[in-house]
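Work through the following exercises with the sequence and the model at hand. Each task is followed by a stepwise solution.

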Amino acid sequence: PIYISTATQLNSIGQTGSNWTLDKNYELVADIYLSDVVFIPIGNGVESGFTGTFNGANHTIYNLTINSNAGIQYAGLFAKIGVSGIVKNVKVSDANISGAFDSVGVIAGINNGTIILCDINNATISNNTSNSYTGGLVGRNQYTITNVGSGNGVRANIALCQVINLSLNTQSLYNGGLVGENFASNLQNSCAVISGV
């Protein structure tokens, strides 16, 4: 794997001109502090999303802050996790995400892949878009059609995750402590504790 130990390295994944592309294998080797970082969701603006593997290795990402009403459609640590993407063993503490988004969650705006063993502790999410999806972990956990016309596709997966002490301030049509919408996908052995709505 490619080892990540700094906020700059984390913010470089998927950026234009970076060799750290969205299809590679990454692993945290230290806690990451994002207090003074203008963070852009990993894979922002890329339709296929993150298609590699990201292993947090039980390290914590602190103070993830996204505050933008422009240029970010899907908000979270990842904008979108693609069908083959895997995000595991990630801990996020003291996240604050606010703006107007189509889909927003601390780990990802949209998940089409697999999220496992991820923990969110203390998060505030504000979403000012009415026809949208807001969840503590993921905005939309959704089935992906792979053969148009046949109905064949791939289910997204979330398992063994928790969101503790979540505050939601949202005008979203679809809201949830874990996911805003779970569309024909798997959501197993996970929980959320909401402190304020």
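**Exercise 1.** Is Tyr62 buried, partly exposed or exposed, and what is its relative accessible area?

Solution. The model is predicted, so local features need pLDDT of at least 70 and side-chain atom pairs count only at pLDDT 80 or more, while totals for chains, interfaces and linings use all residues. Residues are numbered from 1 along each chain as its sequence is written, and side-chain values use heavy atoms, with hydrogens and water left out. Buried means under 20% relative accessible area, exposed over 50%, and partly exposed in between, with a 1.4 Å probe and protein chains only. Tyr62 has a relative accessible area of 23%, so Tyr62 is partly exposed.

**Exercise 2.** Classify the aromatic pair of Tyr33 and Tyr62 and state which strands hold the two residues.

Solution. Step one is the criterion: rings of Phe, Tyr and Trp (its six-membered ring) pair if their centres lie within 6.5 Å; planes under 30 degrees apart count as stacked, over 60 as edge-to-face and the rest as tilted. A search of the whole structure finds six aromatic pairs. Step two is location. Strands are DSSP runs (E, at least two residues), numbered from the N terminus. Tyr33 belongs to strand S3 (residues 32-33) and Tyr62 to strand S5 (residues 60-62), so the pair ties together parts that are 29 residues apart in sequence. Tyr33 is exposed, at 52% relative accessible area.

**Exercise 3.** Determine the geometry of the pair Phe54 and Phe78, and say whether each residue is buried or exposed.

Solution. The ring centres of Phe54 and Phe78 are 5.4 Å apart and the planes stand at 80 degrees, so the pair is edge-to-face. Phe54 lies in strand S4 (residues 53-55) and Phe78 in strand S8 (residues 78-81), so parts 24 residues apart in sequence are tied together. Phe54 is buried, with a relative accessible area of 0%. Phe78 is buried, at 0% relative accessibility.

**Exercise 4.** Describe the surroundings of Ser98.

Solution. Ser98 lies in strand S10 (residues 91-99) and is buried, with a relative accessible area of 18%. Leaving aside neighbours within four places in sequence, Ser98 is in contact (heavy atoms within 4.5 Å) with Ile66, Asn67, Ser68 and Ser126.

Note on methods:
Helices (H or I, at least four residues) and strands (E, at least two) are DSSP runs, numbered from the N terminus. A polar contact is a pair of N or O atoms within 3.5 Å; within protein, one must be able to donate a hydrogen and the other to accept it, and residues adjacent in sequence count only if both atoms are side-chain atoms.
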